[in-house]
Amino acid sequence: MKTFELKGEARTDLGKKATKAIRNEGSIPAVIYGGEKAETAIHFTVTNSDVRKLVYTPEIFLVDLTVGKDNYKAILKDIQFHPVTDAILHLDFLHVFDNKPIVIDVPVVLDGLAEGVKAGGKLSLDLRKLKVKANYDKVPEKVHIDVTGLALGKSIQVGELSFEGLELLNAKNAVVCRVQLTRAARGLAAKNG
């Protein structure tokens with residue numbers, strides 16, 4: 001997992017007025033939770049330019065977060081966008097520890113040329129991300145799935161997959177990818193059959 005350096009300014013005013021003032025200054029209110037004391041959350045602000053490369057990417061980063069004099073290892077857990085302008089309204093970070101597993105969505109990448117595609121089928125990716133549970137240092141940037149042996153009309157379900165150090169939390173019968181019969185392939189099969 002790649003590391004992303006981020007500096008935040010601690011904030012003490014937590015009301016609606018204070019939050020609005022923070023946004024008007026061009027900053028984004030944020031919070032980090034999940035620390036040693038579960039009931040405490042640390043509120044801080046970050047600038048839009050500082051988080052742009054963290055927010056607008058499909059990649060997963062381990063955030064090396066500095067708030068005042070304190071240092072935290074965290075992952076970006078949630079982003080709230082304005083419904084009209086798409087401006088970032090709020091960021092939620094989760095404090096991570098070496099011995100405590102996290103739950104995170106990891107992008108899926110299909111490797112290889114499926115047999116079914118060679119036969120005229122169309123490969124479709126149904127689950128773009130898999131929900132995994134693992135220690136943060138075991139979480140891959142992407143989950144690679146080999147589709148070379150996937151025949152026409154066949155699919156790969158979550159229950160058929162296993163990765164070392166990862167627990168998959170999606171439903172076992174959820175289809176990750178499939179090779180569908182195209183109209184052209186159906187016509188060819190009808191001609192030959």
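Colleague: Which residue is the bridge partner of Ser124 in β13?
Modeller: That's Arg178. Bear in mind this is a predicted model.

Colleague: OK. In what sense do β8 and β13 pair, and over how many bridges?
Modeller: Antiparallel, over 4 bridges.

Colleague: And what sheet do the strands form?
Modeller: An open one made of 3 strands, running β8-β13-β11 with antiparallel pairing.

Colleague: Why is one side of β8 and of β11 left without a neighbour in the sheet?
Modeller: Because β8 (122–125) and β11 (155–157) are the edge strands, and each has a single partner strand.

Colleague: What does the twist average from one strand to the next?
Modeller: 10 degrees.

Colleague: Switching to packing. Which residues touch the most other members of the largest nonpolar core?
Modeller: Ile102, Ile104, Leu130, Ile145 and Val176, out of 28 residues in that core.

Colleague: Which elements give two or more residues to this core?
Modeller: β7 (102–111), β9 (129–134), β10 (143–146) and β13 (175–180). The largest share is from β7, with 4 residues.

Colleague: Back to Val176, then. What does Val176 touch, leaving out residues up to four places away in sequence?
Modeller: Quite a list. Among them are Leu130 and Ile145, which are also on the list of core members with the most contacts to other members.

Colleague: How many residues are in the second, separate core?
Modeller: 20, including Ile28, Ile32, Val51 and Tyr72.

Terms used: Residues are numbered from 1 along each chain as its sequence is written. This is a predicted model: local features need pLDDT of at least 70, side-chain atom pairs count only at pLDDT 80 or more; totals for chains, interfaces and linings use all residues. Side-chain values use heavy atoms; hydrogens and water are left out. A nonpolar core is a set of buried Ala, Val, Leu, Ile, Met, Phe, Trp, Tyr and Cys residues joined through side-chain atoms within 4.5 Å. Buried means under 20% relative accessible area, exposed over 50%, partly exposed in between (1.4 Å probe, protein chains only). Contact means heavy atoms within 4.5 Å. Two strands pair if DSSP finds at least two bridges between them. Axes are lines fitted to C-alpha atoms, for helices over the stretch in contact, and angles run from 0 to 180 degrees between N-to-C directions.
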